[in-house]
Amino acid sequence: MKVLVLDGVEEEGLAALRAESDIEVDVRSKLTEDELVDIIADYDGMIVRSATKVTARVLEQASKLKVVGRAGVGVDNIDVAAATDKGVLVVNAPDGNTIAAAEHTIAMMMSLARNIPQASNTLRSGKWDKKSFMGVELRDKVLGIIGLGRIGAAVAKRAQGLEMKVVAYDPYLTEEKAQMLGAQLLPLDEILKMADFITCHIPLTKDSKYILGEKAFSLMKPGVRVINCARGGVVDEEALYEAMQTGKVAGAALDVFEKEPNTDSPLFAFNNFIATPHLGASTSEAQLCVACDVSLELIAALHGEFVKNAVNIPSMSPKVMATVKPYLNLAEKMGRFCAQLIDGRVNKVEVTYSGDLANQEVAPITTTLIKGFLDTILQVKVNFVNAPTLARNRGINVVQQQASGEGDYANLITVKAVSDREEISVAGTNFGKVDPRIVSIDGYHVDAIPEGHMLYVPHIDKPRIIGPVCNLIGAHDINISGMQVGRKIIGGKAVMLLNVDAPVPEETMPEIAKIDGVLSVRNVSI
Ligand SMILES: NC(=O)C1=CN([C@@H]2O[C@H](COP(=O)(O)OP(=O)(O)OC[C@H]3O[C@@H](n4cnc5c(N)ncnc54)[C@H](O)[C@@H]3O)[C@@H](O)[C@H]2O)C=CC1
Ligand SMILES: O=C(O)C(=O)COP(=O)(O)O
């Protein structure tokens, strides 16, 4: 497999990736979108930082691509929706650069407070100017943090060390968590009115675009200082320009810009404006960390294993991963089994978990089941990433529920599939955690190993059915390795499920269907 590495990802951090015998690493310098479009079909994985734009056009040509890794946090340079539709996993490395970004923010704040870059420039140009650079202290000043996530929290901790009062706006964070961080959660308007310094630590989303715009600047305290080391577009640069022009804003520091690279911003005209070229994550420690983290994620993704920091599938903690892993094989097989048993256009798949599975995280098991279900009926590549979207797009309503109460099995997954023609239900369990079994079909008890080729024959419970079915299969020299028969009442409907060493030829199927008492017959391949 080939992995394309762009944007100057730290070489030392790629060691784990290079050590994989089945992975070839190709490090390139910056490529244009056209160049990327031309070569991307060769690659199974790619790693980027913030410079390369992984657009829908690039992804369209990425016929082998399984995973895009972001050596850092923000994935706004990757078209995640297009990747999801194509079944391409997007992973990031969100923990490795938190401290670097937080320290850069503090450095920006200190620089704003003490005019360090400007004073340094003046001195280097031959002027010993003390008068122009009167500063302010940070102690007792109010720091307003917008977005109290990983970096916001690290900034809060450091600001408290500087004896600042920390207030924060983060509508997605609990009061308890903010309290633990020593920050008071307040509405945005109140923060804008009271803060001496305001710093953003949020992703760029449709809600956060221009969160610091004209209205926000109008509410701010005169003499406020503003910092953005998060994403360009969170601060409206034109509104900032106006607010600096009027003197409302006493200083601003941007590490990120709406358009990057940016070497000619009108803001550069202000002496109280300082800027760095998106350096928040640029420490040797952070770059080593994110490169190592993303390399491990790429290795896992390329080997079909679960990843820790997926952006477009639900992430799983190692604890959840350990509990769900034994059921993924069963779920995928059950999905495949049901899809081949049901007739007509499926509009609903209802998955019910009971026993041990009643009280644990099961969403990844449902996704795996749906993947198995769709895999057998769709031509497109189905994986954990696009399975839920593909189901939704095909009008299949996936319902997941967990049943309480004692059952007959230590763990049980029951799938009810509904189509425009019929409804079927299949139940499966893991014996001893890892041994998958189909234990019921439409309420008929069986005990079948879901593997290889199977033949499903619903019939009337009466003599001279099993023998003739087996004779016809035997006539084709096909070995039967397992047989299960289940009925509810004597003489009523029954089901027969055979494990066979090869698929029963299509031309034999009508002959089996003709046997008196056979209701239908179906080949199933797991
Ligand atoms: N300048 C640089 O080089 C770097 C920039 N970053 C950027 O910093 C930002 C923050 O990164 P992390 O702290 O790791 O992310 P995070 O996901 O840990 O934290 C983001 C926080 O923002 C909050 N949030 C989201 N939307 C919000 C909104 N509209 N209003 C208020 N709060 C909102 C979330 O609840 C969360 O607590 C990201 O945009 C990331 O891309 C990260 C690393 C380096
Ligand atoms: O991790 C992030 O979100 C960053 O913004 C860092 O960007 P970079 O990897 O330095 O181009």
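**Ligand 1.** I began with the make-up of the shell around ligand 1 in this predicted model: 16 of its residues are nonpolar, 12 polar and 5 charged. In total, 33 residues surround ligand 1. I noted the closest ones as Gly74, Gly147, Gly149, Tyr172 and Gly280.

Next I asked which helix gives the most to the shell around ligand 1. I found helix 7, with 3 residues. Helix 5 (98-114) and helix 7 (150-161) each supply at least two residues of that shell. I also looked up the domains: domain 1 (2-94 + 285-302) and domain 2 (98-275) each provide at least three residues of the shell around ligand 1.

**Ligand 2.** Around ligand 2 I listed Arg49, Ser50, Ala71, Gly72, Val73, Gly74, Asn97, His278, Gly280, Ala281 and Ser282. By class, I have 7 polar, 3 nonpolar and 1 charged residue in this shell.

**Domains.** I then stepped back to the whole protein, which is split into four parts: domain 1 (2-94 + 285-302), domain 2 (98-275), domain 3 (316-450) and domain 4 (451-526). How far apart do the C-alpha centres of domain 2 and domain 3 lie? I read off 49 Å.

**Nonpolar core.** I looked up the largest nonpolar core and found 155 residues in it. Ile47, Val88, Leu89, Ala156, Cys338 and Ile413 have the most contacts inside this core. Helix 12 (residues 284-302) is the biggest giver to the core, with 10 residues.

Setting aside neighbours within four places in sequence, I have Leu89 in contact with Lys66, Val67, Ala301, Val307, Ala310, Asn312, Ile313 and Val385.

For residues 454-526, an unreviewed UniProt entry carries the annotation "domain: ACT". I checked the make-up of residues 454-526 and got 22% helix and 37% strand. The end C-alpha atoms of residues 454-526 are 8 Å apart.

**Val495.** My last stop was Val495, in strand 21 (residues 493-500). Is Val495 buried or exposed? I put it down as buried, because it has 23 C-beta neighbours inside 10 Å, and 20 or more are needed. Beyond four places in sequence, I find Val495 in contact with Ile441, Tyr444, Val446, Pro458 and Gly486. I followed up Val446: it is 49 residues from Val495 in sequence, with 8.3 Å between their C-alpha atoms.

Methods
Residues are numbered from 1 along each chain as its sequence is written. Chains are lettered from A and ligands numbered from 1 in the order in which they are written. This is a predicted model: local features need pLDDT of at least 70, side-chain atom pairs count only at pLDDT 80 or more; totals for chains, interfaces and linings use all residues. Domain bounds come from an automatic or database domain assignment. A residue is near a molecule or strand if its C-beta atom, placed from the backbone, lies within 6 Å of it. Ala, Val, Leu, Ile, Met, Phe, Trp, Tyr, Cys and Pro count as nonpolar, Asp, Glu, Lys and Arg as charged, and the others, Gly among them, as polar. UniProt positions are given in the numbering used here, feature names are shortened, and annotations may be inferred rather than shown by experiment. Helices (H or I, at least four residues) and strands (E, at least two) are DSSP runs, numbered from the N terminus. A nonpolar core is a set of buried Ala, Val, Leu, Ile, Met, Phe, Trp, Tyr and Cys residues joined through C-beta atoms within 7 Å. A residue is buried if 20 or more other C-beta atoms lie within 10 Å of its own, exposed if 12 or fewer, and partly exposed in between; C-beta atoms are placed from the backbone. Two residues are in contact if their C-beta atoms, placed from the backbone, lie within 7 Å.
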